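Colleague: I have a model open and would like to go through the labels one by one. Could you tell me what stands behind each of them?

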Amino acid sequence: LPAAAQPPPFNVGPWRVQPATHKVTGKRVSVWSADKKSPDMYRMGPASRERPLEILKAEVRVMRLVCHE
């Protein structure tokens with residue numbers, strides 16, 4: 001069967017969401033990325049610009065704990 005067509009990448013605020021396929025499981029996943037130097041980030045105030053980065057750091061810490069249990 002032909003692979004399902006993947007949707008095009010799109011933006012959500014400063015985030016870029018791209019479709020991808022997990023290398024091991026073959027499942028469809030979404031890759032979220034944020035460019036610290038993008039125009040969207042510069043339009044935010046300094047405190048607002050740091051908030052997404054702090055959230056990402058906290059989520060990575062949680063995932064690291066969960067994956068190592």
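Colleague: Which residue of β3 stands opposite Trp15?

Modeller: Ala34 in β3 stands opposite Trp15. Before we go on, this is a predicted model, where local features need pLDDT of at least 70, side-chain atom pairs count only at pLDDT 80 or more, and totals for chains, interfaces and linings use all residues. Residues are numbered from 1 along each chain as its sequence is written, and side-chain values use heavy atoms, with hydrogens and water left out.

Colleague: Happy with that. What makes β2 and β3 a pair?

Modeller: Two strands pair if DSSP finds at least two bridges between them. β2 and β3 have seven bridges in the antiparallel sense, so they meet that definition. One of the bridges joins Pro19 to Ser30 in β3.

Colleague: And how do you know that β1 and β2 pair?

Modeller: By the bridge count again: β1 and β2 (residues 15-21) are joined by three, also antiparallel. Asn11 stands opposite Arg16 in β2, and Val12 stands opposite Trp15.

Colleague: What is the strand order in the sheet?

Modeller: The order is β1-β2-β3, in an open, antiparallel sheet of three strands. β1 (10-12) and β3 are the edge strands because each has a single partner, which leaves one side of each without a neighbour in the sheet. From one strand to the next, the twist averages 35° (axes are lines fitted to C-alpha atoms, for helices over the stretch in contact, with angles from 0 to 180 degrees between N-to-C directions).

Colleague: What happens between β2 and β3 in their hairpin?

Modeller: Six residues lie between the two strands, and Gly26 takes a positive phi near 75° in this hairpin.

Colleague: How many helices and strands does the chain have?

Modeller: There are two helices and three strands, in the pattern β-β-β-α-α along the sequence. Both kinds are DSSP runs numbered from the N terminus: helices are H or I with at least four residues, strands are E with at least two.

Colleague: Why is Ser33 called partly exposed?

Modeller: Buried means under 20% relative accessible area, exposed over 50%, and partly exposed in between (1.4 Å probe, protein chains only). Ser33 has 31%, so it counts as partly exposed. Ser33 lies in β3 (residues 28-34), and its C-alpha atom is 6.6 Å from that of Val17, 16 residues apart along the chain.

Colleague: And why does Pro9 count as partly exposed?

Modeller: Pro9 has a relative accessible area of 39%, so it gets that label. Pro9 sits in the segment before β1. Leaving aside residues up to four places away in sequence, Pro9 touches Arg16, Val17, Gln18 and Pro19; a contact means heavy atoms within 4.5 Å.

Colleague: Which residues make the nonpolar surface patch?

Modeller: Phe10, Val12 and Trp32 make it, with an area of about 300 Å². Patch residues have over 30% relative accessible area and no salt bridge; like charges are joined within 9 Å, nonpolar side chains (Val, Leu, Ile, Met, Phe, Trp, Tyr) within 5 Å. A salt bridge is a side-chain nitrogen of Lys or Arg within 4 Å of a carboxyl oxygen of Asp or Glu. Val12, at 36% relative accessibility, is partly exposed.

Colleague: What share of the chain counts as buried?

Modeller: Of the 69 residues, 10% do. The accessible surface of the chain is about 6,000 Å², with 61% belonging to carbon and sulfur atoms (Shrake-Rupley method, 1.4 Å probe; for residues, only the protein chains shown count as cover).
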